[in-house]
Amino acid sequence: MATSTGDYYAMLGVARESTPEEIKKAYRKLARTLHPDVNPDPEAQEQFKALTTAYEVLSDPQKREMYDLGGDPFGGAQPGGFGAGFGGLGDIMDAFFGGGGGGRGPRSRIRQGADALLAIELDLKETAFGVDKELTVETAAVCGTCTGAGTAAGTHAETCPTCKGRGEIQLVQRSFLGQVMTTRPCQECRGTGSLIKHPCAECGGEGRVRARRTLTVSVPAGVENGMRIRLTGQGEVGPGGGPAGDLYVEIHERDHPVFTREGSDLHCKVTLPMTAAALGTSLKLETLDDSEEQVTIKPGTQSATVITLRGHGVPRLRSSSRGDLHVHVEVTTPTKLDGEQERLLRQLAELRHEEHPDGGAPVGSHLFGRLRGAFK
């Protein structure tokens, strides 16, 4: 390695016409062998300080230009001091951890917009079979007056006089370690390197305004409660008229008066008088898609019986198949009987030997039956 203290290019071993990428590559290669954590030799530490100073100058376009013209790139600071050698901590981290070497220079006024979230309520039939829904949204949109520039008509952003367009300022502080140079974003221009002295009257220099617009979202068949549909580029426009974020539409499914949903399956309840359940019958059931299906009730059907109609549930998302419809049977018992009805029921009970039912439990297993057995 060249050790000349007056030639930063020689220190890094690169030509004067080298590209920034070639300079960064050379610095990384040398820093890996001279860093104090790797090489504790005092001479190596001094070389590392000088090497870092050289890289800080040559990696900064303005400092490099000043150095090539023979000027002082540190503006009076001691280039060989401790602060100058460690002013670019980001570059040192880049050398050892593979960083991108970015972060220098002004940041753009144009930035990515944020995502937006909108909730919509849909009926069960709409979530089951899909629907096109027209929505009205209010988000940040590009200012129509300045088209995102943020400046008044006939004007433009001017270079910040504080940081001279760099977007950052360097401060030299004295500490027990010596002079330490730090780089901070310019407070005057907020790191952008430019000032809008004549902002657009419509957006106040933001390049965006709040606007209400209408769009259509296509809800696919089979979506469920809580799912979100992503509309790319329909969210908030970024500062400076930057690219818009995404809009997420969250589905809220309303309760249905007849059907309840579990995934792609539907459930409903039908009530039958005990005579129909005992003798058997058939009934017509209107399904969610408005078709009529014949439901057969077999003789002797009990309450809580479930009859399944295959393929009459909700279409599965991104699939051609459908879930099932489960019909829950509830048998009702009459609460009021006239004289003739009571006589006929008693006659039926006599014929079936059900005048004094024991609940279907064997006598020996009944509490009193066990007690009687204990004293025999």
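Tutor: Gladly; we will talk about salt bridges and accessibility in this predicted model.

Student: Why are K125 and D290 called a salt bridge?

Tutor: The N to O distance between their side chains is 3.1 Å. The cut-off is within 4 Å, so the pair qualifies. By this rule the count comes to 21 salt bridges.

Student: What makes K125 and D290 a tie between parts apart in sequence?

Tutor: K125 lies in helix α7 and D290 in the loop between β12 and β13, so the pair ties together parts that are 165 residues apart in sequence.

Student: Why is K125 called partly exposed?

Tutor: Its relative accessibility is 35%.

Student: How do you know whether D324 and R310 are buried or exposed?

Tutor: D324 has 14% relative accessibility, and buried means under 20%, so D324 is buried. R310 has 63%, and exposed means over 50%, so R310 is exposed. These two residues also form a salt bridge, with the closest N and O atoms 2.8 Å apart.

Student: What makes R346 and E342 a salt bridge, and where do they lie?

Tutor: Their side chains meet at 3.0 Å, N to O, which is within 4 Å, so the label holds. Both sit in helix α9, four residues apart, so about one helical turn separates them. R346 is exposed at 54%, while E342 is partly exposed at 35%.

Technical notes
Residues numbered from 1 in each chain as written. Predicted model: local features only at pLDDT ≥ 70, side-chain atom pairs only at ≥ 80, totals over all residues. Heavy atoms only, no water. Helix = DSSP H or I, 4+ residues; strand = E, 2+ residues; numbered from the N terminus. Buried < 20%, exposed > 50% of the residue type's maximum accessible area, 1.4 Å probe, protein only.
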